[in-house]
Amino acid sequence: MEKKQNSHFKLQLHIAVFPWLAQGHLIPFLQLSKLLAQKGHRISFISTPKNIRRLPDIIPQNLSHLITFVELPLPHVDGLPDGAESTFDLPIHEVPLLKRAYDGLQPCLTQFLENSGQVINWVVHDFACHWLPTVASRLGIKLVFFSTVNATSMSFFGSPSTSASGSRSRPEDFTSVPNWWKEMPYDVAFKLHEMESHWDCMDSDVSDFERGKEVVQGCDIILTRTCPEFEPDSLSLLKTLHEKPILPIGLLPPSEPREYGDERWEAVNQWLASKNGDSVLYIALGSELSLSEEMMHELARGIEKSGLPFIWVINDRPLVEGKLGSHILPSGFETRVSDRGVVWRGWAPQLRILAHPSVAGFLTHCGWSSVIEGLGFGRALVLFPGGSSDMGLVARLLHNTGIGLEIPRDDRNGSFTCDSVAETIRRVMVDEEGEPLRAKSREMRKIFGSVELQNKYSNQFAEFLARETTESSQ
């Protein structure tokens, strides 16, 4: 039996990888590509030119001959700004235009799959390409739907059979647990302001729900970015909801780029080194969070009122409607906090900052990749969900399992106070009542930072693909 498994494992596959056009999708797909290449498989990583240029330099030289980057030009769509190839390039209300352009990649992708020069055994794809199952079926190519969200979020959205009734057609329908959730040990649901702020973005020519339904129905395997050591109940529910193989790929902890290329790091490193161990709060709200000016200023005042040292990364793109850079913070904020706070504008070496022994906590927008990075270093989490996708669900999961603490916000309009921000930060970082949370965060490092666990699940996935390929060819 062991000999048969080894022969499967040595079979070289050609796997095409086709992610959605967002950093939170591109990077996990790249991580997965690297892991599969480490097993000896050939990878064709397919995306648009700008997105490929933006990818971090994390492919070791010994794998470079196994990973080919395939550039497909993004078709023109009326209203889509020139040069916009990612959700990073757009305000959220224009994302439906990007989905329309993404759908326009179908002819080019089909041509590549037909004429790549070598038989493609599998395509690992994302949620948005609802048309791919029809193409793959005609070409005899098997599909893996790689869900970059965790099992809790995916289970909350249900399956094609649970959504067939049309019982969830309004934002309000997602603010309570679904009927298939009743046996779960914790509850998750969106807040109304989270659903309403992104409802129009989800409803393009083909809704996100319809896209998800088509790719799930048409795939051969569902792969999810989690492991049973973290969420066994949700993974079990997911397997119950879907009548096809469900595989955890592990948490895909990120790799550091070989070169950071930012001379400012040394200055920040020295600043961090001047602080006490486990004293600094790291703040990063992702690349797609959009707040009103009032909310941004309230958040800044709360950070200031906490009285704790911090480093706050603010991206170059607008975080506040119509305003860039220095204009998004309250007047005089940086001067008032200069003795204990650093504001870093632009891209920052997040892994290096989180790894520094002076950093104790992470105020995060609850993107799953950021959460994985924070817990991979055992950092205590202050939860401020924003952006799109499942961030509200991630926040509820972590809050309700005692791994993080969410800043209280009004369910309907998302408002909050600077006092609640300061109180939440202090509880997570220094107050005695927050010690159980800090202890649990440190415990999570054994799961989220485990190379051994990651190798286990990537090996299982690679072996599954090889076995399925061998058996289907007999």
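A disulfide is a pair of cysteine sulfur atoms within 2.5 Å. I start my notes with that cut-off, and I keep in mind that this is a predicted model.

**Entry 1: cysteines**

I recall that a disulfide is a covalent bond between the sulfur atoms of two cysteines. How many disulfides does the count come to? I get 0 disulfides by this rule.

I check Cys108. Its closest cysteine sulfur is in Cys129, 15 Å away, so the pair is too far apart for a bond. I also look up the accessibility of Cys108: 29%, which counts as partly exposed.

I check Cys227. The closest cysteine sulfur to this one belongs to Cys366, at 18 Å, so again a bond is ruled out by distance. Is Cys227 buried or exposed? I find Cys227 buried, with a relative accessible area of 1%.

**Entry 2: the cavity**

I look for cavities of 30 Å³ or more and note 1 cavity. The largest cavity holds about 50 Å³ of space. I meet Cys227 again here, as one of the lining residues. Others in the lining include Gly250, Leu251, Pro253 and Tyr457.

Which helix gives the largest share of the lining? I find that helix 20 does, with 3 residues. Helix 20 spans 451-473, and both helix 19 and helix 20 supply at least two lining residues each.

**Entry 3: Ser441 in helix 19**

I stay with helix 19, which runs over residues 435-448 and contains Ser441. I read a relative accessible area of 0% for Ser441, so I write it down as buried. What does Ser441 touch, leaving aside its neighbours within four places in sequence? I list contacts with Leu375, Gly378, Arg379, Ala380, Leu381 and Ile403.

**Entry 4: the sheet**

I remind myself that strands of a sheet pair through backbone hydrogen bonds, either parallel or antiparallel. Here I trace an open sheet of 6 strands, in the order 10-9-8-11-12-13, with parallel pairing. Strand 10 (341-345) and strand 13 (404-406) are the edge strands, and each pairs on one side only. From one strand to the next, I note an average twist of 20 degrees.

I zoom in on one pair. Strand 8 (residues 280-284) and strand 9 (residues 310-314) share 4 bridges in the parallel sense. Leu281 stands opposite Phe310 of strand 9.

Which helix packs on the sheet? I find helix 18 (residues 418-429) there, touching strand 8, strand 11, strand 12 and strand 13. The direction of helix 18 makes about 165 degrees with that of strand 12.

Note on methods:
Residues numbered from 1 in each chain as written. Predicted model: local features only at pLDDT ≥ 70, side-chain atom pairs only at ≥ 80, totals over all residues. Heavy atoms only, no water. Buried < 20%, exposed > 50% of the residue type's maximum accessible area, 1.4 Å probe, protein only. Contact = heavy atoms within 4.5 Å. Pairing = 2+ DSSP bridges. Axes fitted to C-alpha atoms, helices over the stretch in contact; angles between N-to-C directions. 1 Å grid on protein atoms, 1.4 Å probe; cavity = no way out; pocket = protein on both sides within 12 Å on 5 of 7 lines; lining within 4 Å. Points joined across faces, edges and corners; volume = space filled by probe spheres on them.
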